[in-house]
Every structure is written in C-alpha cells, then in structure tokens.
Amino acid sequence: MAFIEVEDLVKHYGSERAVDGVSFTVDEGEIFGILGPNGAGKTTTVECLEGLRTRDSGRVSVTGLDPERDGAELKQVLGIQLQESRLPDRLRVGEALDLYASFYKRPADTDRLIESLGLGGKRKTPFAKLSGGQQQRLSIALALVGNPRIAVLDELTTGLDPQARRDTWDLIEQVRDSGVTIILVTHFMDEAERLCDRLAVIDSGKVVALDTPAGLTARAGDEQRVRFRPSAPFADALLLDLPEVAEVTRTGPQMVVTGRGNLLQAVTSVLARNHIVAADLRVEQVSLEDAFVALTGKPLDN
Ligand SMILES: Nc1ncnc2c1ncn2[C@@H]1O[C@H](COP(=O)(O)OP(=O)(O)OP(=O)(O)O)[C@@H](O)[C@H]1O
C-alpha cells in the first residue's frame with residue numbers, strides 16, 4: 001500500500017462537481033505538488049485527505065488511515081498549514097506554538113522549532129507585529145509542532161516577496177530532509193518546479209497529468225524559441241525556409257522564431273549570411289508553464 005492513496009475521489013458542492021474522480025498516490029519522503037488554477041479543486045481535494053470535508057465517493061488512505069473514520073489518529077500524524085491562516089493579533093508566537101503543541105501527544109520542542117524556522121527572538125512578539133514572511137513561517141511552525149509524518153501546505157508563498165519566497169523554499173527542503181512527507185498545494189509554476197518531486201496537475205476537478213516536473217515539461221515537446229531584434233528588415237520566408245523553423249512571429253521590433261533541433265545555429269547562420277545583426281538575442285526552452293498550457297489549453301494564472 002502506498003503511503004498516501006487517493007482513488008476516484010468525488011466531491012460536490014450542490015450541483016457543482018468540484019472534485020471529479022481524482023486519483024494519485026504519494027510516496028513517503030517526497031514533496032508531492034498539487035498544481036492547478038484557481039477553483040480547480042485543489043483545496044477541496046486536500047481537505048478530503050485531511051478529514052476536514054466529507055467526500056461523496058472514492059477512497060482515501062493516509063498511512064493506512066481513513067480520514068473520515070480515523071480522524072483522531074490522523075491528527076497525530078498530519079500537520080496542516082491552512083490557506084491564509086490568521087491568528088488573533090495579540091497572540092504571541094510562543095503562546096500560539098504552546099497552544100497548538102498541547103493538542104498533540106508527542107509535540108515537537110517549540111524552542112527548537114522556533115529557532116529552526118528562523119523565528120528565534122520572536123517568542124514574545126504578537127502575531128500582528130510579524131512581517132508577512134514571519135507570519136508564514138509561524139504557520140509552517142504550527143503545521144510542524146505536532147511532529148507530523150506528513151505536512152500539507154496550501155498556497156505556501158502567496159503574498160510573500162521574492163526573497164521571503166526563496167527562504168521559505170529552502171525551509172521546506174529542510175523539513176523534507178528531516179523526514180517529513182510534504183503535500184504542497186500551489187498555483188505557482190516556479191514553486192512547483194523548484195520543490196516538487198512529482199506533481200498532479202488538476203483542472204476542473206480532474207487530474208490531467210501526474211509526473212515529475214521534468215517529465216511534464218518533456219511532454220510539451222522539445223520546442224524552443226529564439227527572440228531577437230533584427231538590425232534590418234527582412235522577409236519571414238528567409239527563416240521559414242529552414243527545416244528547423246516552425247513559426248515566425250513579430251511583436252513590434254522583436255521577432256520570435258519557434259522551432260526544433262539546432263534552431264539557434266540555423267537562425268543565426270541565415271542572419272549572418274544576410275548581414276543582419278540580432279540584438280538582445282535570447283533562447284527559451286519549453287517551461288512547465290508551456291506544459292501546463294499544452295495540457296489544459298489555458299494559462300495557469302487565469
Ligand atoms: N464551501 C464551498 N461551497 C461551495 N462551493 C465551493 C466551496 N469551496 C469551494 N467551492 C467551489 O468548488 C470549486 C473548487 O474549489 P477549491 O477551493 O477546491 O479550488 P482550488 O483549486 O483550491 O482553488 P483556489 O486556488 O482558488 O483555492 C470552486 O469552483 C469553488 O468555487
């Protein structure tokens with residue numbers, strides 16, 4: 001039996017089928033991503049896994065426990081970081097951690113947890129006086145205070161600045177290295193690509209792909225794009241005649257040449273032969289974002 005198993009999970013809200021037959025498994029020790037646009041059914045899926053929602057049908061097993069039947073036992077192995085979790089403004093960091101620790105049979109040492117999450121010196125600081133990044137760290141600390149085997153993190157870095165996001169990613173890798181299995185719900189491609197060992201891409205309540213980030217990207221093909229500003233006008237046909245080139249588009253002074261194989265060399269050779277200089281030349285490979293569009297027919301951030 002897999003560490004975590006979700007099989008043919010279905011959940012309706014009224015007549016809306018928010019989760020429509022979702023299946024996946026998670027191995028012990030991995031960071032498993034659930035990626036999808038707003039309203040795709042990600043949160044509902046993990047809420048069924050956490051025992052916070054009752055499923056309409058399907059099977060869910062978390063370390064052999066059924067969240068609906070074995071809720072009390074599950075709470076001892078699962079740590080949850082809720083989306084946009086807010087605490088009372090005046091609750092101090094130490095008080096919040098001690099309170100949450102009291103819910104568990106074998107809580108973590110809160111002093112060590114505070115230190116390892118970079119909140120050292122903040123024990124007496126009220127929630128409202130923490131920065132966005134520190135509040136996020138506290139919510140991760142609260143998810144870990146019960147010494148869980150699994151942590152479910154929902155929209156981990158929403159609202160954080162780039163540095164705080166990178167720090168949080170480092171932290172999550174440390175948590176995984178300490179042996180915690182992580183389920184990460186996100187709608188950020190860069191986060192999924194950086195952190196996840198495997199990903200379920202969810203769209204309109206269904207899993208449309210289940211793979212490693214590299215595997216997903218490979219599915220979108222080996223297409224490349226070469227962007228540049230030509231120093232002189234020329235006919236598109238010059239490039240379209242090349243076997244490597246599939247498409248040429250122009251946006252203002254910029255040209256984008258899409259194709260395969262040794263595209264860069266083919267394009268630059270033709271330009272050189274015609275005495276055209278390519279300024280601001282850039283080559284782009286297929287990204288996870290392209291893979292997502294190929295799979296769902298729409299961009300992630302819609
Ligand atoms: N409590 C609820 N009552 C009614 N409909 C709901 C409820 N919660 C979610 N939904 C609807 O179910 C669908 C899936 O929502 P869900 O929150 O699971 O998606 P999500 O992928 O987590 O989205 P987001 O990234 O915006 O949180 C959406 O259409 C949403 O409007």
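## A loop residue to start with

Glu-155 sits in the loop that runs between strand S6 (150-154) and helix H6 (162-177); helices (H or I, at least four residues) and strands (E, at least two) are DSSP runs, numbered from the N terminus. Its phi is positive, about 50°, although Glu-155 is not a glycine. Most residues other than glycine have a negative phi. Glu-155 counts as partly exposed because it has 19 C-beta neighbours inside 10 Å. The scale here runs like this: buried means 20 or more other C-beta atoms within 10 Å of a residue's own, exposed means 12 or fewer, partly exposed is in between, and C-beta atoms are placed from the backbone.

A word on the source: this is a predicted model, where local features need pLDDT of at least 70, side-chain atom pairs count only at pLDDT 80 or more, and totals for chains, interfaces and linings use all residues. Residues are numbered from 1 along each chain as its sequence is written.

## The chain as a whole

The protein chain has 11 helices and 13 strands. Its C-alpha atoms fill a box of roughly 75 × 45 × 35 Å, taken along the principal axes. Of its 302 residues, 35% count as buried. Take the contacts between residues at least 6 apart in sequence: 69% of them join residues at least 24 apart. A contact here means two C-beta atoms, placed from the backbone, within 7 Å.

## Around the ligand

Which residues are around the ligand? They are Tyr-13, Glu-16, Ala-18, Gly-36, Asn-38, Gly-39, Ala-40, Gly-41, Lys-42, Thr-43, Thr-44 and His-187, where the C-beta atom, placed from the backbone, has to lie within 6 Å of the molecule. By type, the shell divides into three nonpolar, seven polar and two charged residues.

Just after H1, Gly-51 takes a positive phi of about 85°.

## Cores

The largest nonpolar core has 62 residues, and those with the most contacts inside it are Ala-141, Ala-151, Leu-153, Ile-182, Ile-183 and Leu-184. Helix H5 (residues 132-144) gives the most to this core, with six residues. Apart from it lies another core, of nine residues, including Leu-239, Val-245, Met-255 and Leu-263. A core, in this sense, is a set of buried Ala, Val, Leu, Ile, Met, Phe, Trp, Tyr and Cys residues joined through C-beta atoms within 7 Å. In soluble globular proteins, nonpolar side chains tend to be buried together.

Leu-184 is in contact with Ile-31, Gly-33, Leu-153, Leu-156, Leu-195 and Cys-196, leaving aside its neighbours within four places in sequence.

In helix H3 (residues 93-101), the buried residues are Val-93, Ala-96, Leu-97 and Tyr-100. They line one face of the helix, because they fall within an arc of 95° seen down the axis of H3; the arc is that of the directions from the helix axis to the C-beta atoms. These buried residues pack against helix H4 (110-116) and H5.

Gly-121 is in the loop between H4 and H5. It is exposed, with 10 other C-beta atoms within 10 Å. Gly-121 and Val-93 are 28 residues apart in sequence and 9.9 Å apart in space, C-alpha to C-alpha.

## Two more residues to look at

Thr-63 has a positive phi of about 50° although it is not a glycine. Its loop runs between strand S4 (57-62) and helix H2 (71-75). Thr-63 counts as partly exposed, with 18 C-beta neighbours inside 10 Å.

Gln-254 is found in strand S12 (residues 254-259). Not counting residues up to four places away in sequence, Gln-254 touches Arg-227 and Arg-229. Gln-254 and Arg-229 are 25 residues apart in sequence and 4.7 Å apart in space, C-alpha to C-alpha. Buried or exposed, or partly exposed? Gln-254 is partly exposed, with 14 other C-beta atoms within 10 Å.

Notes:
Ala, Val, Leu, Ile, Met, Phe, Trp, Tyr, Cys and Pro count as nonpolar, Asp, Glu, Lys and Arg as charged, and the others, Gly among them, as polar.
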